[in-house]
Amino acid sequence: MQVFKTFFMILKKSAPQMCIYLGVFLGLSIMFTTIAPSTQQAASFEPSAFRAAVINKDADGELSKAFVSYLEETAELVDIGSDREALQDAMFFRKIDCVITIPENFSADFLAGKDPQIQTSSIKDSVGAVYAQMQIDKYWSTAELFRDFGGDAAPERIGGWTAESLREQAVVQLSDESVGDPSQNQLNYHFRYLCYVMIALMILGITSIMMSFNKKDLRMRNLCSPLKLGRMNLQIVLASLLFSVASWAILVGLGLILYMKSIVSAQMVLLFCLNSFVMMLCCLSIGYLASLFVKNRNVQGAVYNIASLGLCFLSGVFVPQQLLGSTVKAVASFTPTFWYVKANDEISALSHYDWDAVSSIVGYAGIQLAFAATILLVALAIGRYRRRSNA
Amino acid sequence: MVISVKDLVKRYGQLVALDHLDLQVEKGEVFGLLGPNGSGKTTAINCILSLLRYDKGTIEIFGKSMRPDAYDIKRDIGIIMQNVAVFDELTVYENINYFCGLYVADKEKRRTLVEEAIEFVGLGDFRKFYPKKLSGGLLRRLNIACGIAHKPKLIILDEPTVAVDPQSRNNILEGILRLNKEGATIIYTSHYMEEVEQICSRIAIMDKGRVIASGTKEELKAMIKSGEKINVHTFTLGQKELGKIRELPHVTAVEYEEDQLTVCYDGGRHNLIVLLDFLKARDISFGKVYAQQPTLNDVFLQITGKQLRD
């Protein structure tokens, strides 16, 4: 097992670099899982109250009174008076988001079918002000509806119907399946970023070793020995596999330890592990393919950075797939990482684990396996072609 | 017979790298393959080791046909490549242990062999050094240790002294002779004729993929007409004296340029004494005198019409 042992002796030389990657990965993973929005926030909607000062110049108008009453229900009204300077100060110091001014005879003009305007002054780019404008528009467009189709209803009734109508709340339920239990999100993030570090580690590890074994004179010296070529290759394959499985186990193990509290069910962990194991085989194939082209450390650095970052940015490891454009997604579907992330997202959204629920995940894992096999076959074909042309 | 190569042909497209090459190496020999760069020495070695496929011919080592899967033959061969072929990531000891381990499975036996190899090449103080910390000469010694640690019966050295300082070169050459004394058959390729002359018991001179002459160095030198060459620094030689020198026994050519007399012979004995007697008898004063024996370069020059290092 000389080749097998030597594989790990050479690997030891690349250990510091690999440890840096592991550290960076853990840092990234912890940072992203900490700052990631919880699905609780994403899955629910709660209207926020804005703060406003109201100047009602139509104090006798019934509709104006009803409007102010409605605002009292939905907003935080602050009494500042009508002094222009005091109002500007209040806005500057963010005591209020906007000033709503109801002009004189507003109710009468509105009921007469004219188009009187509620005046608003607001802080530039204030979210509260935008929300206030939305509320004003919503109120008066509803009131307009009752005015036009409510017969000759009295202004008080129009105000009452409008307020009553706007009090009706629709229940919002997000249909996006990727938004599941918030406690599962951290594991999803960890397993998603795991793909990045696995690609980098595999390319770094495998190319470091193969760079030595593929040196022309060293290879010739090995070929002159009585060790059978098949046995030599088998030892390299076994060592690569052991290295890959060990790396995968460490990364998965760290994730499970770090996010132990997030584990909801054993089935989910199993699916995450299965998906990442298949991805590990893909990374191994990518590493082997890369080793055919990497001849020195400079090229090695470029290859593992470009491959790991490129694949991950393209396929939704760093940016959620929902935010990727259709063209990017179409291109990304030709990468194994795209299917890994897709499967990962689906696993995190699972609530039950029957065949119907997991069949698509198994399908995505199958696609990753097909990628692994194809990349490996391409690498073997290139290697064989090179050996023949050198002989 | 340790190696028998018959009618070996290797082509790279239109280029004929080995042109019906025949070679025989006997047991216990230090066999030199001498030729200029591109003459086919390394190609021949690579074909012998089954590292290259060839178009025609037969190769036998230890009386058996050599093939890529002839692992029983490979077990008794040690190879030292032209370029240093070691792992940069392993120490001196680890490198020798790795290559020895490809041949010897038994750990205890291997440990002894590795220690002996380290001792043999004089790398005892550097066993924990990484190759990048070694000088060019030490690196070459490591390269040799990796090839001989398993005590092969046949050692093939492909230009092992390229870019090596004279002191390290002498160490390497002495080491090769010691290996030969211990019973190994050696094949040594080089384009340095002095090295080949110094250590090889039999030499084959190659050019354009063919062996153009082979034999011991004496046999090779005997093949050519030119023999000894004597140079004398003298001042007063006229055409008359030069004519008389031309009439001396075995003289083939006489040149006199810038007070330097050069006389070439095609054989004979005591030519220097005869020439100096001739000069004394005519009161011709002379200064520095030296004689040159024919070299393998002269052999190569005479056969091919060009210098070995052209």
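How many residues of chain B are in contact with chain A, and with how many there?

1. Basis. This is a predicted model: local features need pLDDT of at least 70, side-chain atom pairs count only at pLDDT 80 or more, and totals for chains, interfaces and linings use all residues. Residues are numbered from 1 along each chain as its sequence is written, with chains lettered from A and ligands numbered from 1 in the order in which they are written.

2. Interface. On chain B, 22 residues are in contact with 17 residues of chain A (contact: C-beta atoms, placed from the backbone, within 7 Å). On chain B's side, α2 (71-74), β6 (77-80) and α3 (92-101) each supply at least two residues. The most come from α3(B), with four residues. Helices here are DSSP runs of H or I, at least four residues, and strands are E runs of at least two, numbered from the N terminus.

3. Helix α3(B). Eight of its ten residues are buried, so α3(B) is largely enclosed by the rest of the structure (buried: 20 or more other C-beta atoms within 10 Å of the residue's own, C-beta atoms being placed from the backbone). Among them are B:Tyr98, B:Phe99 and B:Cys100. The buried residues pack against α1 (2-35) and α9 (216-223) of chain A, and against α4 (107-121) and α5 (136-148) of chain B.

4. Sheet in chain A. Four strands form an open, mixed sheet, ordered β2-β1-β3-β4 (strands pair if DSSP finds at least two bridges between them). β2 (76-77) and β4 (119-122) of chain A stand at the edges with a single partner strand each, so one side of each lacks a neighbour in the sheet. A:Arg51 stands opposite A:Glu76 in β2(A).

Technical notes:
Contact = placed C-beta atoms within 7 Å. Buried ≥ 20, exposed ≤ 12 C-beta atoms within 10 Å, placed from the backbone.
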